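Please keep the sequence and the model in view while reading.

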Amino acid sequence: MSATGAALTQVTQEQSRRRVAYYYDSNIGNYYYGQGHVMKPHRIRMTHHLLLNYGIYRDLEVYRPFPASFDEMTRFHSEEYMTFLKTATPDNLKLYNKQMLKFNVGEDCPLFDGLYEFCQLSSGGSLAAAVKLNKQKADIAINWMGGLHHAKKSEASGFCYTNDIVLGILELLKYHKRVLYVDIDVHHGDGVEEAFYTTDRVMTVSFHKYGEFFPGTGDLKDVGAGKGRYYSLNVPLRDGVTDESYQSIFKPVMTRVMDRFQPSAVVLQCGADSLNGDRLGPFNLTLRGHGECVKFFRSYNIPLMMVGGGGYTPRNVARCWTYETALAVDKDIPDELPYNDYFEYFGPNYRLHIDPSNATNDNSSDYLKKLQENVVQNLEKLTFAPSVQMHPTPDDAILCLNDTSLNQDMANPDVRLHPSIMDGVTQDPGEFYDGETEGDDRRNEHNAKRAAEGGGDDAAKRARNDN
Amino acid sequence: MDPRDSDLPDHPEDPYPPADQQVPPPADEDAEDFVEDEHEEDDEATLDEEEAMLEDDDDELDDLEAEADMDIEELRKKYGYGAPAPSEDEPGISSVADEAEEEEEEELEVPFNNEVIMQQQHQFTSKIAIESAANNYFGVAENNEAEEEDVDYEPPEKKEFQIRVDPLLYQAAVPESIEGVTPSAEAAEHPAGTLLWAPREDLPDESLNRFVHEWKARRHGVETDETKIDSRDDEDALYALLSSAYSTDAAAAHFPFEKANEFKRTCDGESKPFTTEEMAAFETGFKDNYKNFRVIREHFVPSRTHGELINYYYHWKMSSRFNELFRQRQMRKDFMTEVMDQMESTKRRRVEPSSTTTSSSSTVVERGHSPDGAPSTVIHSENYDDEVEYEDPLAGAGDEPPVDVWAAPPPPQIEQPTESA
């Protein structure tokens, strides 16, 4: 009895365990957008210190990612724009007046010291995270340096310069037929939506405040275009949304999306500006409501990439992302914050969780119900799991492609493969054709040997000949 | 869309975006004027920009053509004239007024804790739903005294709030199907990065705790106290353990440990602790330039990189040295608070309850077209403007967490921010 119990627990533990890779570069905290700017990369360092001092760090596979290269970033961004980011600095800014206007760099998105490095780090983390998931070396990959979802192909926007999410998804698309992007930032994830607006391989779902709010896009009616029609989903919400009302629409909608779209990888943008007390966001979520979204995707056992994003009350951002990292590794952490380098920032209560405010929730249950109906209607129009009958499922494809011998079989026989591949190839002793080694008459030798060993060989030979 | 404000059917949502925050769309005639205004003193740059505008004329013609074919509803949507929302007017307004008063009082108590002000302002603006935020991340959070004069200023054409479709200009290139993974594709993959730690199942937590604790204590020159062992991690110690194939003994031989995640890009070589002179120079620079680290670095602490200064700043801000500086400022500010109290009480008498025009200096009301001129709202926003004028730079552009320096326990004096993050 007790043995069965133990076995059962073990099974559940096995199921709930996830290999979590975490990407962080300490330099990220040393960039400063400028005086009075609400975006503070320092919040990522605060998160990191909480992870260390909570002892969550030891459960993570920690990487310091290599910065993304120019070429990698131009997989999405235009070369002209990236060249501008690379060359313009606060010192020579006068030379770039024209470009600054064109690329929307200046006000919301200032040109600060080390801007290009900053972009490289944030994009490098998401790229490395995507590669890790592609290689199936981790179940969850986290990059709090990323999540800059407003950046456009040739334009900075909303504190974002390079769109690490788009770069990461493009990388995931090399191995995954369909990728789902979910955005729980208080702002609409317009950069990612725009990038994948016309494709059916990426579905973008964004829950955001809509109406007189940055960036102004994200209407319920925007559903994608061309082939990507109905592959963009927007859930516009109003001020003061609480944990309960948020989850009352998040869960049913996302369950349906997962059923219908059947993604093989998910990217979750965990913008923390949807929390209560954010300097820009008018929502009223707590860590629990926000983290519920992480739990939701964790429960599906498919590769999950978690990235950061907005969040303009640094102490709450650090709290939120620490909590969500703990959820990813499934570790219970106490409410009392451990002492850390930035402990004073968490006063006056020095606790992990934040309380909701009693702000009015402008999202009535009627409104949410109607919204859900509309969203589901859009979802119904989606072609069920596109192209699924035509192609092998993504999982099979990966297994197939990872098997190097199959890869060789499929290779063009007229092209000599690289020595690094062929060096490892030895001829199977059971091969019955005249190969390059013809002349030493290994075939007969071999047959004689097998015959001496006994039966079964003839049958095998016949089977091969049949083929 | 806030129901309290968007319910006025005859009141299109045309914001007066903060003049110098609005980045106009390039192919925009109005924007041209607007740019000229902003860079009046720099004629050459302006010419360049004009040329840039002219180059984009083709697009504009196309756009206009496209617009001619649109139906009126689409056009309205394109230019941000949303459909009117259902009305739930009255209760909303009165509660806003009440809360605004409450906030006003709070604000007077801690007038210089700028973070608080920013927060309140944020709540406040979101409550009365000023119709401007859509074009700018900050919304109204950053006030501009300059724009107060621009009552007649026509806002530049509103940015299109639509996802743009053009595979070359806006969309990512997505291959139709999964690419065959060839050796060249593998090579083009982003490298995994430097592994700093990987968890291992057979390594018990206790031994890990002891290992980390021992080396942390040794680094700080403290005796190892067996009773205080906790589960806090030290990335350098764990990195050493990983490098020594999880053998605690082998790792111990490498003490002092290599920094696992050092500032490689934002500092030159190893980040050494600040010397007393550097600290003093930083503080002098900070007093005059506030958080303009660029200037501070150039003129006060040239021995440090920009990144080091920022790192130091975040430690220093919570140290007793900063508190001291802050207190000196605070004393000066107490006097200013009194002056402001007086000014405000006179203003309260002056403002007519039903008129919004008296408050033409108030950006908030101006932009918000507050429906019935909610009087307390007007006063509130004016107070705010006053505060901005009197604001002492040290009180902060308020972009830091509102740590209540008075309520918080005295923070330990951090003089050596050598952390490796």
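Asp273(A) lies in the loop that runs between strand E7 (265-269) and helix H10 (287-299) of chain A; helices (H or I, at least four residues) and strands (E, at least two) are DSSP runs, numbered from the N terminus. The model is a predicted one, in which local features need pLDDT of at least 70, side-chain atom pairs count only at pLDDT 80 or more, and totals for chains, interfaces and linings use all residues. Residues are numbered from 1 along each chain as its sequence is written, chains are lettered from A and ligands numbered from 1 in the order in which they are written, and side-chain values use heavy atoms, with hydrogens and water left out.

With a relative accessible area of 0%, Asp273(A) is buried; the word buried means under 20% relative accessible area, exposed means over 50%, and partly exposed lies in between (1.4 Å probe, protein chains only). A polar atom of the Asp273(A) side chain lies 3.0 Å from the backbone nitrogen of Val186(A).

The UniProt record, in an unreviewed entry, lists Asp273(A) together with Asp185(A) and His187(A) under "binding site". These residues span 89 residues in sequence, yet no two of their C-alpha atoms are more than 8.1 Å apart, so they gather at one spot. UniProt positions are given here in the numbering of this model, feature names are shortened, and annotations may be inferred rather than shown by experiment.

Asp185(A) is found in another stretch of chain A, the loop between strand E4 (179-183) and helix H8 (190-195). Its relative accessibility is 0%, so Asp185(A) counts as buried. Leaving aside residues up to four places away in sequence, Asp185(A) has contacts (heavy atoms within 4.5 Å) with a set of residues including His149(A), Phe207(A), His208(A), Gly309(A) and Gly310(A). Asp273(A) is also among the residues that Asp185(A) touches. The side chains of Asp185(A) and Gln269(A) are joined by a polar contact of 3.4 Å. A polar contact is a pair of N or O atoms within 3.5 Å; within protein, one must be able to donate a hydrogen and the other to accept it, and residues adjacent in sequence count only if both atoms are side-chain atoms.

Which residue carries the "active site" feature in UniProt? The record, again an unreviewed entry, places this feature at His150(A). His150(A) sits in the loop between strand E3 (140-143) and helix H7 (164-172) of chain A, and its relative accessible area of 0% makes it buried.

A helical residue may be considered next. Asn134(A) belongs to helix H6 (residues 115-134) of chain A. Asn134(A) is buried, at a relative accessible area of 1%, and beyond residues up to four places away in sequence it touches Glu171(A), Leu172(A), Tyr175(A) and His176(A).

The cysteines come next. A disulfide is a covalent bond between the sulfur atoms of two cysteines; here the criterion is a pair of cysteine sulfur atoms within 2.5 Å. How many disulfides does a search of the whole structure find? Over all chains, it finds zero. The sulfur of Cys119(A) has its closest cysteine sulfur in Cys160(A), 9.5 Å away, which is too far for a bond. For Cys270(A), the closest cysteine sulfur is that of Cys320(A), and the 7.0 Å between them is likewise too far for a bond. Cys119(A) is buried, with a relative accessible area of 1%, and Cys270(A) is buried at 0%.

The view now widens to whole chains. Chain A contains 17 helices and eight strands, and buried residues make up 63% of its 467 residues. Among contacts in chain A between residues at least 6 apart in sequence, 77% join residues at least 24 apart. Chain A exposes about 17900 Å², of which carbon and sulfur atoms supply 49%; accessible areas come from the Shrake-Rupley method with a 1.4 Å probe, and for residues only the protein chains shown count as cover.

Chain B has 17 helices and one strand, and 48% of its 421 residues are buried. Its accessible surface comes to about 21200 Å², with 50% belonging to carbon and sulfur atoms. The mean pLDDT of chain B is 62, and 43% of its residues reach 70 or more; pLDDT is the predictor's confidence in each residue, from 0 to 100. Over residues 1-47 of chain B the pLDDT is below 50, and this stretch has 114 contacts in the model beyond near neighbours in sequence.
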